[in-house]
Amino acid sequence: MSETEYYRSQSYQEYLLSSHRREVCPPEDVYAFFNWKGLNNLVDFGSGLGFYFQEFRKWFPHVWIWAAECQQEIIDMVLRRKLIEGIEQLTPFHMDQSDHPLLPEWVPVPEIIFASLTLSTFPNPGLAMDGLIRSMKSGGRLFIIDWSKTESGFGPKINEKISMDKMKFLAEEYKLEVTKSGRISEHFYGMEVKASSNFIYGYYDLKEEEDEDTAVFKQ
């Protein structure tokens with residue numbers, strides 16, 4: 001495993017569920033930073049083992065959570081956790097690992113995609129943002145949380161982090177608009193991103209807003 005694939009290690013995934021993560025980036029501060037209005041379907045992109053699952057259930061009791069992961073072993077662990085903890089309205093699903101991720105067509109088009117500590121693992125986070133924006137309805141919003149580019153003594157090495165300014169630059173390179181950005185805590189920042197007026201959706205204009213077949217996956 002290369003250094004840039006630190007996120008695949010079991011120890012890192014376990015850290016992401018730790019009480020220390022809660023201390024250095026309190027979920028309540030994350031909730032307060034973003035505007036969650038108009039939410040029915042939320043995609044937790046790169047959900048890992050589900051640090052935010054119980055928070056989502058508390059914040060949005062009626063919202064369906066779609067947990068996207070590229071590692072099948074993590075999905076299996078999430079399914080076990082769902083059963084053991086009785087987490088309702090949660091569907092974990094597999095996404096192929098791609099530099100330009102697009103949601104499967106059977107997943108209901110989300111109003112918000114939540115990407116916590118995931119975009120900095122991509123070779124080009126701007127290209128990844130482009131794919132996620134294309135997976136949403138016009139006006140859909142991408143919520144990003146990522147590591148500030150500082151030495152912290154925990155998490156990935158500093159050369160594996162992407163600064164807030166660079167993340168914003170990469171978004172704008174792909175004709176995306178950053179509507180909000182700022183520090184959430186000492187070691188983490190947040191960004192709200194949507195398509196700019198110059199963004200061209202292309203193929204995803206043809207995607208139906210409702211898909212009757214998706215009901216079978218809500219189990």
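**Strand partners and the sheet**

A: Start with one pair in this predicted model: phenylalanine 143 stands opposite glutamate 192, which is in E7.

Q: Which strand does phenylalanine 143 lie in?
A: Phenylalanine 143 lies in strand E5.

Q: Is phenylalanine 143 buried or exposed?
A: Buried. Its relative accessible area is 0%, and buried means under 20%.

Q: What does phenylalanine 143 touch?
A: Leave out residues up to four places away in sequence. Then phenylalanine 143 touches Phe34, Asn35, Trp36, Ile112, Ile113, Phe114, Ala115, Met191 and Glu192.

Q: And what separates phenylalanine 143 from lysine 180?
A: They are 37 residues apart along the chain, and their C-alpha atoms are separated by 9.6 Å.

Q: OK, zoom out. What is the strand order in the open sheet?
A: The order is E3-E2-E1-E4-E5-E7-E6. That is seven strands, with mixed pairing.

Q: Which strands stand at the edges?
A: E3 (90-94) and E6 do. Each has a single partner strand, so one side of each has no neighbour in the sheet.

Q: How much are neighbouring strands turned against each other?
A: By 20 degrees on average, with direction ignored.

Q: What does "mixed" look like here, strand by strand?
A: E4 and E5 run parallel, joined by five bridges. Alanine 115 stands opposite isoleucine 144 of E5. E5 and E7 run antiparallel, with six bridges between them. E6 and E7 run antiparallel too, joined by eight bridges.

Q: What holds paired strands together in general?
A: Strands of a sheet pair through backbone hydrogen bonds, either parallel or antiparallel.

Q: How many residues sit between E6 and E7?
A: Two. E6 and E7 form a hairpin.

Q: Why is E7 called largely enclosed?
A: Because seven of its eight residues are buried.

Q: Helices now. Why is H6 largely enclosed?
A: H6 covers residues 125-134, and nine of its 10 residues are buried, so the rest of the structure largely encloses it.

Q: Which residues of H6 are buried?
A: Pro125, Gly126, Ala128, Met129, Asp130, Gly131, Leu132, Ile133 and Arg134.

Q: What covers the buried residues of H6?
A: The cover includes strands E1 (41-45), E4 (112-116), E5 (141-147), E6 (176-185) and E7 (188-195), along with helix H7 (164-173).

Q: How does H6 run against E5?
A: At about 150 degrees. H6 lies across E1, E4, E5, E6 and E7.

Q: What caps the N-terminal end of H6?
A: Asparagine 124 does. One of its side-chain oxygens lies 2.9 Å from the backbone nitrogen of glycine 126.

Q: Which strands does helix H5 lie across?
A: H5 (residues 72-85) lies across E2 (64-69) and E3, and runs at about 165 degrees to E3.

Q: Switching to loops. Where is histidine 62?
A: Histidine 62 is in the loop between helix H4 (53-59) and E2.

Q: Is histidine 62 buried or exposed?
A: Exposed, at 74% relative accessible area. Beyond residues up to four places away in sequence, histidine 62 touches Arg57 and Gln89.

Q: What about Gln89? Where is it?
A: Glutamine 89 is in the loop between H5 and E3. It counts as partly exposed, at 24% relative accessibility. It has a positive phi of about 50 degrees although it is not a glycine.

Q: What is the phi of lysine 175?
A: It is positive as well, at about 60 degrees, and lysine 175 is not a glycine. Lysine 175 lies in the loop between H7 and E6 and is partly exposed, with a relative accessible area of 45%.

Q: Cysteines next. How many disulfides are there?
A: The count is zero. Cysteine 25 is buried, at 3% relative accessible area. Cysteine 70 is partly exposed, at 26%.

Q: Last one. What is the mean pLDDT of the chain?
A: The mean is 87, and 84% of the residues reach 70 or more. Over residues 204-214 the pLDDT is below 50. Beyond near neighbours in sequence, that stretch has 16 contacts in the model.

Notes: Residues numbered from 1 in each chain as written. Predicted model: local features only at pLDDT ≥ 70, side-chain atom pairs only at ≥ 80, totals over all residues. Heavy atoms only, no water. pLDDT = per-residue confidence, 0-100. Contact = heavy atoms within 4.5 Å. Buried < 20%, exposed > 50% of the residue type's maximum accessible area, 1.4 Å probe, protein only. Helix = DSSP H or I, 4+ residues; strand = E, 2+ residues; numbered from the N terminus. Polar contact = N/O pair within 3.5 Å; in protein donor to acceptor, adjacent residues only side chain to side chain. Disulfide = S-S within 2.5 Å. Pairing = 2+ DSSP bridges. Axes fitted to C-alpha atoms, helices over the stretch in contact; angles between N-to-C directions.
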